[in-house]
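Visitor: Could you walk me through this protein, one topic at a time?
Guide: Gladly, and here is what we will be looking at.

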Amino acid sequence: MHLPRTSYILICGLGRSGMAMAKFLAARGYTVKATDSDAAKNVHASELHELGIDTRIGSHDSDTFNRAGAIVVSPGIPVNIPHLVQAKAAGVPLFGDLDIFSQYNTTPVVAVTGTNGKTTVTTLVRDMLEASGISTFTGGNIGTPLVEYLMSDTPARMVVAEISSFQLDLARRFAPETAVLLNISPDHLDRYQGMADYGRSKWSIFKNQAPDHAAIINADMDDTCHVRPNISARLYEFSSTPGTRIHRGAKVENQTIHLVLPETASDHPRQIKCENRVRIPGIHNLENIAAAALATLCAGGTLSGIQQAVNAFNGLPHRLTFVTEIEGIEFYNDSKATNTDAVIRALACFTKPVVLILGGREKDTDFTLLEPALSHVRQIIAMGEAAHRIHDVFSPIRQVNVVSNMKAAVIEAHRAARPGDVVLLSPACASFDLFENYAARGDAFTRHVQDLEGKNHG
């Protein structure tokens with residue numbers, strides 16, 4: 001299904017993705033209108049008006065939706081808002097950015113999805129391909145809209161895309177040559193009817209692939225409420241679980257990733273050494289490297305390029321990032337941990353006692369999923385909108401201290417910790433109650449820890 005030219009195309013949501021889409025479609029000769037209910041987006045109106053794009057900012061209008069030839073929904077906009085539901089019922093087709101990108105793109109794509117690890121793996125694939133001599137454009141959910149590549153004057157040999165479930169929900173024709181599904185665990189359940197619905201969205205990344213494409217999955221995933229589809233592409237798997245047999249893919253054993261690629265004869269052992277993984281701790285990061293290596297090889301990368309990128313990779317900000325040590329207490333920023341599974345993975349990286357900072361804006365989160373991972377958690381500091389719910393869930397089994405802001409959280413965590421402990425910000429929640437995004441939350445944590453360090457050294 002292609003965008004119609006008989007009426008205007010409405011862009012719903014004017015974040016970076018919506019702005020890029022509006023400019024791209026206008027440049028392609030479509031009549032474009034744009035709307036965003038956030039009055040703060042008025043700053044974008046004059047820029048779009050110069051391109052001949054009408055805007056409605058601060059509120060939505062039913063006629064604007066219902067009279068559109070098609071609506072392009074930005075990834076951050078729920079498709080069940082009333083104006084979109086009414087427009088769809090009136091016969092207006094809804095599109096997402098992936099199908100429009102696919103309509104015009106001619107460059108092969110590596111697409112990465114999953115609940116946790118998407119950005120790390122996307123970044124690793126980019127680095128591995130570049131080290132293999134393959135130029136890349138990296139975008140999608142990682143921050144740069146994919147249509148910006150279509151407007152770029154710099155061609156690449158490969159597009160590496162981080163893909164969210166929200167993007168997949170409206171994708172009908174997206175068919176990446178290499179697709180990766182890292183894991184599925186509870187998240188965004190405020191946007192989905194349940195885990196089966198969420199899992200179905202993630203698995204759909206494979207639905208349009210052809211037999212000569214590559215599908216890379218975590219062999220240790222369950223079937224997510226029996227929604228795993230048939231996959232037409234050539235299947236590769238990765239695993240870190242002892243006893244899991246890999247017929248084609250990668251196996252993590254200690255600090256080494258063993259590649260099992262029966263279709264490629266070689267007299268040399270195919271291994272990736274990861275002895276320097278102290279910089280990005282956790283078995284999940286070894287899984288991330290394994291998934292990225294498979295995607296890179298499927299996209300034409302080399303083993304030497306993969307090893308070079310692994311040796312140079314220091315992890316990403318706000319993902320189990322060591323901040324400092326104060327009076328024998330280590331502080332770690334894991335602000336990107338916006339769901340319970342990410343927190344469980346973070347806690348598994350430590351054997352020392354942990355003072356855990358949780359909280360923010362929840363997403364119908366089942367916090368009880370954390371209970372088995374709390375054996376070495378000394379105390380929980382709860383902050384943000386979810387603080388009192390966190391207190392109610394965990395106060396029967398752990399001391400929970402409710403605070404109002406990040407500064408207070410850092411001060412209380414330091415007070416509760418003892419020499420040899422770890423203070424870990426790993427919130428299990430979104431950041432939007434107190435911060436613009438998870439990065440701003442992590443920066444605030446780091447800043448207050450550094451203030452604390454300055455006072456202790458003063």
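Predicted model: local features only at pLDDT ≥ 70, side-chain atom pairs only at ≥ 80, totals over all residues.

Visitor: OK, which residues touch the most other members in the largest nonpolar core?
Guide: They are Leu3, Ile11, Leu25 and Val72, in a core of 51 residues. A nonpolar core here is a set of buried Ala, Val, Leu, Ile, Met, Phe, Trp, Tyr and Cys residues joined through side-chain atoms within 4.5 Å, where buried means under 20% relative accessible area, exposed means over 50%, and partly exposed lies in between, using a 1.4 Å probe and protein chains only. Helix α1 (residues 16-27) gives the largest share of this core, with 6 residues; helices (H or I, at least four residues) and strands (E, at least two) are DSSP runs, numbered from the N terminus.

Visitor: And what is Val72 in contact with?
Guide: If we leave aside its neighbours within four places in sequence, the contacts of Val72 include Leu3, Ile11, Cys12, Leu25 and Phe95, contact meaning heavy atoms within 4.5 Å. Another core lies apart from that one and has 37 residues, among them Val252, Ala291, Ala292 and Leu316.

Visitor: Switching topic, is helix α10 largely enclosed or open?
Guide: Helix α10 is largely enclosed by the rest of the structure, because 13 of its 16 residues are buried. After α10 comes Gly300, which has a positive phi, near 100°.

Visitor: Now the aromatic rings: how many pairs are there?
Guide: The count is 7 aromatic pairs, where rings of Phe, Tyr and Trp (its six-membered ring) pair if their centres lie within 6.5 Å, and planes under 30 degrees apart count as stacked, over 60 as edge-to-face and the rest as tilted. One of them is the stacked pair of Phe166 and Tyr192, with 6.2 Å from centre to centre and 20° between the planes. Phe166 belongs to helix α8 (residues 165-169), whereas Tyr192 is in the loop between β9 (178-181) and α9 (195-203), 26 residues apart.

Visitor: Are those two buried or exposed?
Guide: Both Phe166 and Tyr192 are buried. Ring pairs also join them with Tyr198 into a cluster, and the charged end of Arg191 sits over the ring of Phe166, 3.6 Å from its centre; this requires NZ of Lys or CZ of Arg within 6 Å of the ring centre and within 35 degrees of the ring normal.

Visitor: What about the phi of Asn254 and of His318?
Guide: Asn254 has a positive phi of about 55° although it is not a glycine, and His318, also not a glycine, has a positive phi of about 70°. Asn254, in the loop between β12 (249-253) and β13 (256-260), counts as exposed at 72% relative accessibility, whereas His318 counts as buried at 9%.

Visitor: Last one: how many disulfides does the structure hold?
Guide: It holds 0 disulfides, a disulfide being a pair of cysteine sulfur atoms within 2.5 Å. For Cys349, the closest cysteine sulfur is in Cys274, 14 Å away, which is too far for a bond.

Definitions and conventions
Residues numbered from 1 in each chain as written. Heavy atoms only, no water.
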